[in-house]
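Subject: Structure handover

Hello,

Please find the structure below. Notes on what was found in it come after.

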Amino acid sequence: MCGRFALFHDPAEVARVFRAMWDPVALARWRPAWNIAPTRPAAVVGADADGAVIHVRRFGLVPSWAKDASGAARMINARSETVHEKPAFRSALARRRCIVPMSGFYEWSGPARARVPWFFSPADTGLLAAAAIWERWRPRDSAAATRPDAAEDALETFAILTKPAGDAVAAIHDRMPVLLPESAWRRWIDPAVDGRDAVAAAVLEMSPLAVRRVSPRVNDARREGADLLEAPAESP
DNA sequence: CCAGACGTTGTT
DNA sequence: GTCTGG
DNA sequence: CCAGACGTTGTT
DNA sequence: GTCTGG
């Protein structure tokens, strides 16, 4: 699956790779991150009238009909096998697909007492592109909804699609994010493309991955920094 | 009809 | 065990 | 995803 | 919002 990831590439590099423009508000707010956990902001690439645009949205999808945003940490992933039929995901899949640029993502192995983190990154250079869907949520509260700046109360969130693990991931875990090769980026974020077709094409793709064991300091979602990727201290 | 859910993943 | 927060 | 909390009451 | 269960 995919519950934690990193995007520490320079923002300008992210824009260049995805041939996208940063939303100015998003760019001002974004900082490279090595430990992006559910409920935390992440950069995402979406299709706009003007082309590909990078926004900052929160990890963990809150459906538009949710009474409050507190369930955000629960819908962090959507199964590619069933995403088209789930009430919580269906409309997002049809009309609101986006790409999550990643320097890499984490998976854990081992028993609950001693979880071991691993970092997966592109085998070659570059960035990973995870397939995702997003939603816009507004407070039900009518006073907030009628304020002139109601748009500022809107919360944009996303969930990452998953599929059965292949290649490098299978040894560690049984699920992994759906990763898109560059040739599939445009179709994924194009709302004119049927969602189910887009998923069917996306899950066939394989991105060559490198993997390494990293510091268990990453387990704590409050920690941050490049040193989270250091090899763990030797244990006998 | 109304009420209540709506999601994924983990581990021995 | 199960939920919440990061 | 993992880590950490998980409860009520009264009083200042 | 939209579907399922009673």
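Pro139 is a partly exposed residue, with a relative accessible area of 24%. On this scale buried means under 20% relative accessible area, exposed means over 50%, and partly exposed lies in between, with a 1.4 Å probe and protein chains only. Pro139 sits in the loop between S10 and helix H4 (142-146). Helices (H or I, at least four residues) and strands (E, at least two) are DSSP runs, numbered from the N terminus. Between the C-alpha atoms of Pro139 and Ala66 there are 8.7 Å, although the two residues are 73 residues apart along the chain.

Some conventions before the rest. This is a predicted model, in which local features need pLDDT of at least 70 and side-chain atom pairs count only at pLDDT 80 or more, while totals for chains, interfaces and linings use all residues. Residues are numbered from 1 along each chain as its sequence is written, chains are lettered from A and ligands numbered from 1 in the order in which they are written, and side-chain values use heavy atoms, with hydrogens and water left out.

The nonpolar cores

A nonpolar core is a set of buried Ala, Val, Leu, Ile, Met, Phe, Trp, Tyr and Cys residues joined through side-chain atoms within 4.5 Å. The largest one has 63 residues, and those with the most contacts inside it are Phe5, Phe18, Phe105, Ile133, Phe158 and Trp188. Strand S10 (residues 128-137) gives the most to this core, seven residues. A second, separate core has nine residues, including Tyr106, Trp108, Phe119 and Leu229. In soluble globular proteins, nonpolar side chains tend to be buried together.

With neighbours within four places in sequence left aside, Trp188 is in contact with Leu93, Arg97, Cys98, Ile99, Ala131, Ala132, Leu161, Leu180, Ala198, Val199 and Ala202. Contact here means heavy atoms within 4.5 Å.

The second largest pocket

A pocket is found on a 1 Å grid over the protein atoms alone, as an open set of points where a 1.4 Å probe fits, with protein on both sides within 12 Å along at least five of seven lines; lining residues have an atom within 4 Å of a point. The second largest pocket holds about 290 Å³ of space. Its volume is the space filled by probe spheres set on the points, which are joined across faces, edges and corners. The lining has 14 residues, and Gly51, Ala52, Trp185, Arg186 and Ile189 lie nearest the centre. Strand S4 (41-48), strand S5 (51-59) and helix H6 (182-189) each supply at least two residues of this lining, and H6 has the largest share, with four. By type, the lining divides into eight nonpolar, one polar and five charged residues. In that division Ala, Val, Leu, Ile, Met, Phe, Trp, Tyr, Cys and Pro count as nonpolar, Asp, Glu, Lys and Arg as charged, and the others, Gly among them, as polar.

Ser183 is also in helix H6, and is exposed at 66% relative accessibility. Ser183 and Glu205 are 22 residues apart in sequence and 10 Å apart in space, C-alpha to C-alpha.

Cysteines

How many disulfides are there? The count is zero, where a disulfide is a pair of cysteine sulfur atoms within 2.5 Å. For Cys2, the nearest cysteine sulfur is that of Cys98, 13 Å away. Cys2 is buried, at 0% relative accessibility. Cys98 is likewise in no disulfide and is buried at 0% relative accessibility.

Individual residues

Most residues other than glycine have a negative phi. Arg19 has a positive phi, near 50 degrees. Arg19 lies in the loop between helix H1 (11-18) and strand S2 (21-22) and is exposed, with a relative accessible area of 54%. Thr39 has a positive phi near 80 degrees, lies in the loop between strand S3 (33-36) and S4, and is partly exposed at 28%.

Lys163 is in strand S11 (residues 155-164) and is buried, with a relative accessible area of 6%. Not counting residues up to four places away in sequence, Lys163 touches Ser80, Asp174, Arg175, Met176, Pro177, Val178, Val203 and Glu205.

Pro11 belongs to helix H1 and is buried at 16% relative accessibility. Leaving aside neighbours within four places in sequence, Pro11 is in contact with Trp22, Leu27 and Trp30. Pro11 and Pro32 are 21 residues apart in sequence and 7.7 Å apart in space, C-alpha to C-alpha.

Regards
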